[in-house]
Amino acid sequence: MGRLYAVEIVYRGIFQKNLAKNISRAIVLAAHKEGKPGISFGRYGDSPERNGIPAKAFAIVATDEQTLEEGMAKYEPTQVDVSICVDDTLFKGVESWAWYGLQPINKLVKPGGTLIVTSLEEPAALAEMAHRKEAPYQLAVIKAQPSFSGLWVYKDDHTDVRILGAIARVCPELFSLASVQEVIRKDTKDELKATSALRSFERVTTYEVQPTQGNPEEPYKFEMPKWHEMRDGIAIPSIAPGHKMKDPITGTEGGFQPARNPTFKKYATRTMRPVVDFDKCIKCTLCWLACPDSCFDVTPENLYDANLEACCGCGVCEAVCPEPNCVTMVNETHFSDNSSQWQAYRKDAEGYKANLASLIATRPERSHGFRFRGQYEEQVPAIIQAAEAEQQKQTQA
Ligand code: SF4
Ligand code: SF4
């Protein structure tokens with residue numbers, strides 16, 4: 001039997017679908033140039049692929065047809081040589097629509113395999129954000145702002161070709177730089193893109209992540225019921241109605257916290273989270289009314305606390321809030337837990353406000369794609385500046 005190579009691309013539904021498709025397709029074409037057959041496909045045709053929902057595409061390549069056929073007998077690989085993550089906030093975990101709880105971003109990476117990510121974060125910080133693995137693996141960071149667009153528009157910012165150049169570097173057995181550049185030239189007729197792949201090939205560095213690094217949280221697990229344990233018919237237990245909230249300082253009870261699904265959390269969909277300045281809130285209830293996922297808990301003093309296990313980060317609350325700077329969407333990579341903002345505010349209002357101010361002041365631009373015509377063109381100078389700073393840093397090192 002020959003050798004089978006598996007690559008997965010973890011992306012955000014809709015916003016990065018074309019990006020993932022471009023990458024998986026080009027992997028197969030580049031390997032084909034070297035006589036290796038392959039196939040690329042997307043998973044989760046089962047869901048309406050919702051905005052921001054983590055989704056996956058795969059590229060499977062083999063040294064011969066028979067090995068490919070044998071490999072494809074499984075629905076999807078259980079281990080991959082290379083995993084590609086095109087949004088660093090997915091390092092916190094991946095939970096797709098109608099799936100089985102939050103799963104680690106590095107779950108399929110085989111021992112010694114590589115996880116490639118586009119991010120402006122440092123490798124050590126990313127390694128801590130991902131779940132721990134029993135065996136070491138490589139982390140390759142492509143310095144870039146995660147690329148978002150949509151189903152019918154594509155942000156052609158070279159993210160796809162940069163990732164392809166990095167794959168040629170970290171897994172040269174899959175395809176060479178020359179093969180992938182040939183595919184890029186033929187597909188795009190753009191020499192600049194072939195050069196971008198080369199630059200990424202030259203510059204990508206890997207960082208070995210040890211089993212001692214990362215989030216120690218146990219990922220969600222479940223056991224499938226045996227056939228003899230199955231019940232007659234299907235009964236779906238309902239969610240309890242909810243309860244009052246308790247003030248952590250005074251013990252006063254009031255307001256209302258709806259009970260929520262204990263398994264399906266939704267927060268893996270989020271790239272930004274709302275942070276609330278409770279001192280600015282005029283209790284107008286608009287955020288509570290407009291939130292599409294009913295995320296706001298009502299506190300005993302009628303403030304509105306975004307429940308961060310339930311929030312999918314859509315930004316509607318920021319848009320409807322009438323008070324300037326009362327609700328602000330902040331890059332999700334800045335946070336390490338989903339605890340209640342209101343509880344933190346009640347315990348130390350001054351500390352909470354100072355933290356809020358620093359979060360808002362330092363937040364890098366994050367959005368799901370283009371919010372207005374010409375936004376990308378406006379961003380280009382900052383993107384070039386960041387790339388030049390990175391190049392200068394690498395030249396000095
Ligand atoms: S961002 Fe705001 S409106 Fe959107 S789900 Fe979260 S709390 Fe609700
Ligand atoms: S929309 Fe703004 S002001 Fe109105 S209740 Fe929500 S946070 Fe307060």
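The structure holds 22 salt bridges, a salt bridge being a side-chain nitrogen of Lys or Arg within 4 Å of a carboxyl oxygen of Asp or Glu. This is a predicted model, in which local features need pLDDT of at least 70 and side-chain atom pairs count only at pLDDT 80 or more, while totals for chains, interfaces and linings use all residues. Residues are numbered from 1 along each chain as its sequence is written, chains are lettered from A and ligands numbered from 1 in the order in which they are written, and side-chain values use heavy atoms, with hydrogens and water left out.

Glu8 pairs with Lys56, their closest N and O atoms lying 3.0 Å apart. This pair links distant parts of the chain, 48 residues apart: Glu8 sits in strand β1 (residues 4-12) and Lys56 in strand β3 (residues 54-62). Strands here are DSSP runs (E, at least two residues), numbered from the N terminus.

Now step back to the whole protein. It is divided into domain 1 (4-209) and domain 2 (243-362), with bounds that come from an automatic or database domain assignment. The C-alpha centres of the two domains lie 34 Å apart. Their contact (heavy atoms within 4.5 Å) takes 19 residues from domain 1 and 15 residues from domain 2.

Domain 1 and domain 2 bury about 1,200 Å² between them, 59% of it on carbon and sulfur atoms. Buried area is the accessible area (1.4 Å probe) that two parts lose on being put together, summed over both. On the side of domain 1, Thr89, Lys92 and Glu95 lose the most area to domain 2, together 43% of what that side buries.

Across the interface of the two domains, the rule finds 1 salt bridge.

Finally, look at ligand 1. Among the residues around it (a heavy atom within 4 Å) are Cys291, Cys295, Cys311, Cys312, Cys314 and Cys317, along with Phe296 and Met329. The shell divides into 10 nonpolar, 2 polar and no charged residues; Ala, Val, Leu, Ile, Met, Phe, Trp, Tyr, Cys and Pro count as nonpolar, Asp, Glu, Lys and Arg as charged, and the others, Gly among them, as polar.

Terms used: Helices (H or I, at least four residues) and strands (E, at least two) are DSSP runs, numbered from the N terminus.
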